[in-house]
Amino acid sequence: MGGTLRLQTISTELQQIARQATECPDMVFTTLAHKMDIPFLREAYRRTKKNGAPGVDKVTAKDYGKNLESNLSDLHERLKTGRYTAPPVKRVWIEKEDGRQRPIGIPAFEDKIVQRAVEMLLSPIYEQTFLDFSMGFRKGRNQHQAIHILREQCRTNNIKWIISADITGLFDNINNTMLKDLIRLKVNDGSIIRLIGKWLNAGVMEGGTISYSDKGTPQGGVISPILSNIFLHYVLDEWFANAVLPRMYGRCFIVRFADDFIIGCEKEEDAHRLMEVLPKRFGGFDLSLHPKKTVLIPFGKPGANVDKDDKNGTFDFLGFTFFWARSLKGYWVIKKKTAGKRARRFMNMIRQWCKNSRHDPIKDQHATLRSKLRGFYQYYGVRGNFKILETVFEYTEKTWRFWLTRRSHKGTVWFGKLQESYPLPKPRIVHNI
């Protein structure tokens with residue numbers, strides 16, 4: 001009963017913080033850390049995912065939970081007295097579908113709890129500060145909403161030019177000093193700022209060696225998404241809304257999901273002006289736009305006499321390619337399909353997985369392939385994209401058959417009978433956008 005009451009109190013406290021941030025937009029929060037008592041840390045523990053790999057201390061979520069109350073009590077004491085030390089992040093490398101490797105950061109489980117607690121305090125403040133076109137890592141917002149906003153803005157605002165931008169290594173290049181200075185504009189609690197500083201300076205452990213950097217947010221950290229959103233809010237979002245839009249000659253819009261953003265312009269001169277000023281704006285915050293991946297694309301509605309060979313551009317955003325095409329009734333409409341690179345990546349992954357897993361039990365293979373296909377449909381199952389879904393389904397079925405018949409002499413007849421007992425999920429449209 002007492003635990004439920006305290007949970008309700010925590011929810012009320014967070015709602016009160018959100019209300020203060022809404023009613024007093026210029027308010028600077030200076031006393032937040034004291035709210036991280038043991039029940040608050042327990043709630044942060046509850047919200048922390050338990051299935052991740054252990055960090056440098058090799059403590060799993062299960063290990064930590066065995067003596068949860070004593071562990072949380074000790075953690076609270078270290079936080080209260082300023083003795084908490086952020087451990088380095090363990091770095092491991094995983095192979096990508098194209099054969100290259102990418103680094104993954106694994107924080108210690110206890111550190112995830114503390115990061116979650118701080119994120120719980122920061123989110124209700126910044127949710128009232130962030131602008132509506134910022135869609136990434138925010139409760140109640142997702143990629144499909146960003147895609148819908150993008151299409152509607154292009155359609156209703158007579159957009160003729162698209163700036164497709166690519167920030168070079170955002171999470172690895174955020175200036176730590178600038179980040180803390182920007183946070184102090186809204187949250188100037190010394191304990192919170194010191195904790196963030198500890199995470200920024202914790203370092204990365206790889207192969208027993210710790211390396212440090214004076215820039216970038218914690219790899220794999222629970223706190224990283226909101227820190228990057230705070231940084232880009234001031235670097236891009238607020239600047240665009242307050243300084244850019246009033247100076248444009250035509251209609252413009254921006255939609256951002258994490259470090260991916262698209263700007264649309266009605267007037268060509270506005271687009272060219274933005275292409276000139278954007279690198280300077282990011283350069284002022286020690287960030288850069290990729291010179292080859294940040295491009296200006298003509299994207300106006302084709303004229304009545306434009307045929308299918310017209311050179312009007314296409315662009316990619318959040319795994320989809322956007323383009324103009326005729327509807328079934330002959331009207332010009334903006335359509336979207338799975339980006340070719342994403343579709344090829346998924347099919348390459350399926351081929352490699354079927355090859356490597358061909359000797360596993362059929363039941364296990366079937367369950368995994370069903371999960372992979374459903375995940376693909378769940379994201380890419382949008383209206384107008386059914387053909388790609390069919391292609392992926394047929395490729396998966398064909399590839400599974402190919403590798404299964406390599407372990408049996410019964411060939412395709414055997415696979416045909418197998419399909420009756422272990423059918424793969426058929427393509428379906430999930431999102432009507």
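The buried residues of helix H4 (buried: under 20% relative accessible area with a 1.4 Å probe, protein chains only) are covered by elements including helix H2 (38–47), helix H3 (61–66), helix H5 (109–126) and helix H9 (190–200). Helices are DSSP runs of H or I with at least four residues, strands are runs of E with at least two, and both are numbered from the N terminus. The model is predicted, so that local features need pLDDT of at least 70 and side-chain atom pairs count only at pLDDT 80 or more, whereas totals for chains, interfaces and linings use all residues. Residues are numbered from 1 along each chain as its sequence is written, and side-chain values use heavy atoms, with hydrogens and water left out.

In H4, the buried positions are Leu68, Leu72, Leu75, His76, Arg78 and Leu79. These residues lie on the same side of H4 because they cover an arc of only 165 degrees around the axis, the arc being that of the directions from the helix axis to the C-beta atoms. Gly82, which follows H4, has a positive phi near 75 degrees.

Glu266 is placed in the loop between strand E7 (260–265) and helix H11 (268–283). Glu266 counts as buried because its relative accessibility is 15%.

Technical notes: Buried < 20%, exposed > 50% of the residue type's maximum accessible area, 1.4 Å probe, protein only. Contact = heavy atoms within 4.5 Å.
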